[in-house]
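Please read them with the structure open.

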Amino acid sequence: MAAPAQATLLPLTSQQHRQSRPRSSPYAKLHAEKGLIDPSKQLYNQRASHGLVWSFMSEWKRDFFTRRPICGLITSLAGGSPDPIEWEVLRYQRLLCPDYIETAFSSARVDFVAAELDYMSQTHEDTLLAQAGSSVQSTWQIAAREHAGSIPGLLALLAQLMRQVGTKPPPDFDEVPLGRWEAMERYPRLFNLAELVKECSVSSEHAITNEHPQGCQYYVSPMIAEALEALALCQQYRKFRRLFRQFVYLEAEELAAIADAAFEHMKVHHRRRTWISPADFSRF
């Protein structure tokens, strides 16, 4: 390297030329010599990567209109719900914030959804919504016409309400009662189980073990959690018990039987004898 005194003797045009030259990766020359990278295709690869990102964003924006649980909220707004839109947003917050998650983390999730809604309102395209399906497009248009006048306006309104409710913990079921779409989003496996028992005239035990053995980790285990949570809320809130029976068609006693049957199935068919037993917990 040149000494500082010698560096000042370099022509100005040479310095400008060196500063204007784009810097390449230190491994580009090595990869080119080994035939791993063709320098003539670097610009093509950059354009292809930009096209891939643009395609991914378009797909993400199109799927946003059918994503759960935002799709359930919009369906409720389009169906002429008698409850105010603020209640629907509070129910959405309650879906994102279960009782076993800290409030600080819950608020961050609501703020993230608000940022997504803001982005969608500013970059909305009718063509992407049309690609989601005619029924989805009609639902969004009806909800927007009823509450904001346009789909970007509805998205911006929901984002504003999301930020407002994110400053407080979710309400309980006495302040904001359980909604039909909220029950279907919160307890999808219990709802499907009740429909299967009602339409196919099968027992609850047979419906629970219908996915055995491949789908038990995706169906039976979450069903135990849903049944226990709903059972606890039925005992805590009388209004929740009445609305849950109206929306999901299950009584509290049936919830207890479903939880017992599902747990017994996991105990008999998915627990090896060599594993730790409940009696071994006394050693800890």
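This is a predicted model: local features need pLDDT of at least 70, side-chain atom pairs count only at pLDDT 80 or more; totals for chains, interfaces and linings use all residues.

1. Helix H6 covers residues 85-96 and helix H10 covers residues 151-165. Their axes lie 10 Å apart, at an angle of about 60 degrees. The crossing of H6 past H10 is right-handed.

2. On the H6 side, the residues that meet H10 are Ile85, Glu86, Val89, Leu90, Tyr92 and Gln93. H10 contributes Leu157, Leu158, Leu161, Met162 and Val165. Sorted by class, this contact has nine nonpolar residues, one polar and one charged.

3. The largest nonpolar core contains 34 residues, and Leu190, Phe240 and Phe244 have the most contacts inside it. At least two residues of this core come from each of the helices H12 (188-200), H13 (204-208), H14 (216-236), H15 (238-248) and H16 (252-269). H14 supplies the largest share, ten residues.

4. Leu190 deserves a separate look. Beyond neighbours within four places in sequence, Leu190 is in contact with Met223, Glu226, Ala227, Ala230, Phe244, Val248, Leu250, Leu255 and Ile258. Another core, of 33 residues, lies apart from the one described above; Phe65, Tyr92, Leu154 and Ala159 are among its members.

5. Leaving out residues up to four places away in sequence, Glu88 touches Leu73, Ser76, Leu77, Ser81, Asp83 and Trp181.

Definitions and conventions:
Residues are numbered from 1 along each chain as its sequence is written. Side-chain values use heavy atoms; hydrogens and water are left out. Axes are lines fitted to C-alpha atoms, for helices over the stretch in contact, and angles run from 0 to 180 degrees between N-to-C directions. Helices (H or I, at least four residues) and strands (E, at least two) are DSSP runs, numbered from the N terminus. A crossing is left-handed if the near helix is turned anticlockwise from the far one by less than a right angle, and right-handed if clockwise. Contact means heavy atoms within 4.5 Å. Ala, Val, Leu, Ile, Met, Phe, Trp, Tyr, Cys and Pro count as nonpolar, Asp, Glu, Lys and Arg as charged, and the others, Gly among them, as polar. A nonpolar core is a set of buried Ala, Val, Leu, Ile, Met, Phe, Trp, Tyr and Cys residues joined through side-chain atoms within 4.5 Å. Buried means under 20% relative accessible area, exposed over 50%, partly exposed in between (1.4 Å probe, protein chains only).
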